[in-house]
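Subject: Structure handover

Hello,

Please find the structure below. My notes on its packing come after it.

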Amino acid sequence: MIEVKNLTKRYGKITALDDISFTVDTGEVLGFLGPNGAGKSTTMNIITGYISSTSGTVTVDGSEILEEPKKTKQKIGYLPEIPPLYIDMTVRKYLEFMFELKRVKLPKKEHIDEVMQLVGLEKHGSRLIKNLSKGYRQRVGFAQALLGNPPVIILDEPTVGLDPKQIIEIRKLIKSLGKKHTVIFSSHVLSEISATCDRIIIIADGKIIADAKTGELSGVLTDKRQLLLTAEGNATNIQNELKKIPGVQKVKKTGEPDGASQFAIEYKPGADIRRDVFSAMTRLQCPVLEMRSGSESLEELYLRLTGSVKGGEA
Ligand code: ADP
Ligand code: MG
């Protein structure tokens, strides 16, 4: 549905995007994750045709944004980081205004009613936008993006500044959108993205550093795997025996909990050494008190991968 190819964006000497490429399939909910300043908004602004790229191409449902800007834009509903709301309008007036602006060719009243219903604004049509809470304003931004039923919905940090209850509602909304639309949404919060998306792209410093299905991300990112073993018995013997197991790269003693010994066993990605470790301990007649994965959590990985890059502007 969306194809981004070799996108580069420079602002003077700053390279905001450095040759990024990815595709999004129809019906996919893609999370675009990265710290502040990573290039998320820049990417979204280019996909939606708000700004131009320095080089590279974006194709949405077969149309190229630069060649057919009008046609391509009609396929996308966009909720920018700062939604363009006219705060002196009522919710309904604003949506009618955006309906006209977007030249939507659907029955006006029915369609606006339907969209307001979808985002939970059905009782707020006559309220002035300036009197709405941040969460409700965000819903108006959402509604605006949904006008015309575009096949692609792009949301730039839609949950920033919302309280936990509102965040859960917005998440639900995004998930429900995924049934009918292709969705890209950005966030700098990992848990936000992993709770909502089928696939995650991590961007840092203008480069894509990971692109994987949500459940497979940590496997893709870790270059080494670790097993933590606690066992009773002669530590030197155990260590020597563990080192002989195929796939094991390094064995380090890390502590002596409860008079036993704890070892961190590093092994090659793809290997599964648990059975061999168990057999080795049985051979040595050393009781195993605990065996668990010592690999980094997804959260730790994300911080490690993005923490050392510039990031942190806000
Ligand atoms: P994100 O949305 O991930 O926080 P942005 O896409 O907004 O990141 O920004 C990426 C980089 O490009 C940052 O270093 C930012 O300072 C820079 N940048 C963004 N917009 C402009 C602009 N209009 N002029 C100069 N630099 C910009
Ligand atoms: Mg941004």
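This is a predicted model: local features need pLDDT of at least 70, side-chain atom pairs count only at pLDDT 80 or more; totals for chains, interfaces and linings use all residues.

Residues are numbered from 1 along each chain as its sequence is written, and side-chain values use heavy atoms, without hydrogens and water.

A nonpolar core here is a set of buried Ala, Val, Leu, Ile, Met, Phe, Trp, Tyr and Cys residues joined through side-chain atoms within 4.5 Å; buried means under 20% relative accessible area, exposed over 50%, partly exposed in between (1.4 Å probe, protein chains only). The largest such core has 42 residues, and Val91, Leu95, Val140, Phe142, Leu155 and Ile174 have the most contacts inside it. Another core, of 23 residues, lies apart from it and includes Val24, Phe32, Ala38 and Ile201.

There are four aromatic pairs. Rings of Phe, Tyr and Trp (its six-membered ring) pair if their centres lie within 6.5 Å; planes under 30 degrees apart count as stacked, over 60 as edge-to-face and the rest as tilted. Phe22 and Phe32 form a tilted pair, 5.6 Å centre to centre with 45 degrees between the planes. Phe22 is buried at 4% relative accessible area, and Phe32 is buried at 1%. Tyr50 and Tyr78 pair edge-to-face, at 5.2 Å and 70 degrees. Tyr50 is exposed at 53%, whereas Tyr78 is buried at 6%. Tyr86, Tyr94 and Phe97 form one aromatic cluster.

Regards

Key
Chains are lettered from A and ligands numbered from 1 in the order in which they are written.
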